[in-house]
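Please give a brisk report on the structure below.

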Amino acid sequence: MITGMTGFGASEAAAGKVKASVEVKTVNHRYLDVAFYLPSGFSSFEEKIHKMVAKGIRRGRVTVTVKITDKPHMIIRLNHDAVTRYRGFARQIAREFKVSDGLSAADILRLPGVVETKEMFVEAHTLWPAVEKGLAKAVAGVVAMRRREGKALCADISGQLKRMLKQIVLIKARSNALLKEKKKTSSREEFTSYQKSNDINEELARLTHYIDEARVLLRQSEGAGKKMDFIAQEMQRETNTIGSKVQDKDVAGAVIALKSKVEKIREQANNVE
């Protein structure tokens, strides 16, 4: 069955104390277009991410967002050399100046250089395996949502096709009735000329064929959107020709109804992968 192009999937990734969120969003687009919003250091993974997305998604504008949601902000380290030297100075001062060297731990921690702090940066290669799993889960979520949308699109397009067939039946019946009326009131030459200029059997046959083709496309899981758009264009062309050939109020009404349904199919085709 056809697949839609609107989808959303999300997951979380964690490596040690570092946590990240992974989101994948898709909307309709003529081709596959992937945009990346990644943390610093992750740009080298764009090609891998693109390949992962392309495995499950053939068409649409895809936005992949990875955010670091939690990490240790600082690395705190005790400078043992500094502590040893401060204690050595304290003992030396006590000996030379006959004072107590009663340094407490709190006193030592307040001394410059004893405690060193350093901002923690997330290593992309460390977090990537977890992000990769999260991305696979998010893409699977998107694909599932697009399939559900495809089911709804299929039902809608099928309904439009069914209603088109009803209009075709009306046009055929009215066209035959017009021919019979004309035959009664015209000479043979006039009737032959009218019959030639008002013959819409070819257009109706093509229109019916395109409806059958569209129904076949609805059963395809890939690449149906562009083909459906092309078929809808051809449907529009045949419908216009029918309207220009048969000048009749009832046929004109059916042609307008046909055009409306074809237009709705074209709009929906833009949402089909």
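In which strand does V115 lie? V115 lies in strand β6, residues 115-119. Helices (H or I, at least four residues) and strands (E, at least two) are DSSP runs, numbered from the N terminus.

## Basis

This is a predicted model: local features need pLDDT of at least 70, side-chain atom pairs count only at pLDDT 80 or more, and totals for chains, interfaces and linings use all residues. Residues are numbered from 1 along each chain as its sequence is written, and side-chain values use heavy atoms, without hydrogens and water.

## Nonpolar patch

V115 is partly exposed, at 35% relative accessible area (buried is under 20%, exposed over 50%, partly exposed in between; 1.4 Å probe, protein chains only).

Strand β5 (residues 74-78) gives the most to the patch: three residues.

## Loop residue K98

K98 sits in the loop between α2 (80-97) and α3 (105-110). K98 is exposed, with a relative accessible area of 73%. Its phi is positive, about 55°, although K98 is not a glycine. Most residues other than glycine have a negative phi.

## Helix pair

Helix α4 (residues 124-185) packs with helix α8 (residues 249-269) at an angle of about 160°, their axes 9 Å apart. That makes α4 roughly antiparallel to α8 (angles under 35 degrees count as roughly parallel, over 145 as roughly antiparallel, 65 to 115 as roughly perpendicular, the rest as oblique). Axes are lines fitted to C-alpha atoms, for helices over the stretch in contact, and angles run from 0 to 180 degrees between N-to-C directions.
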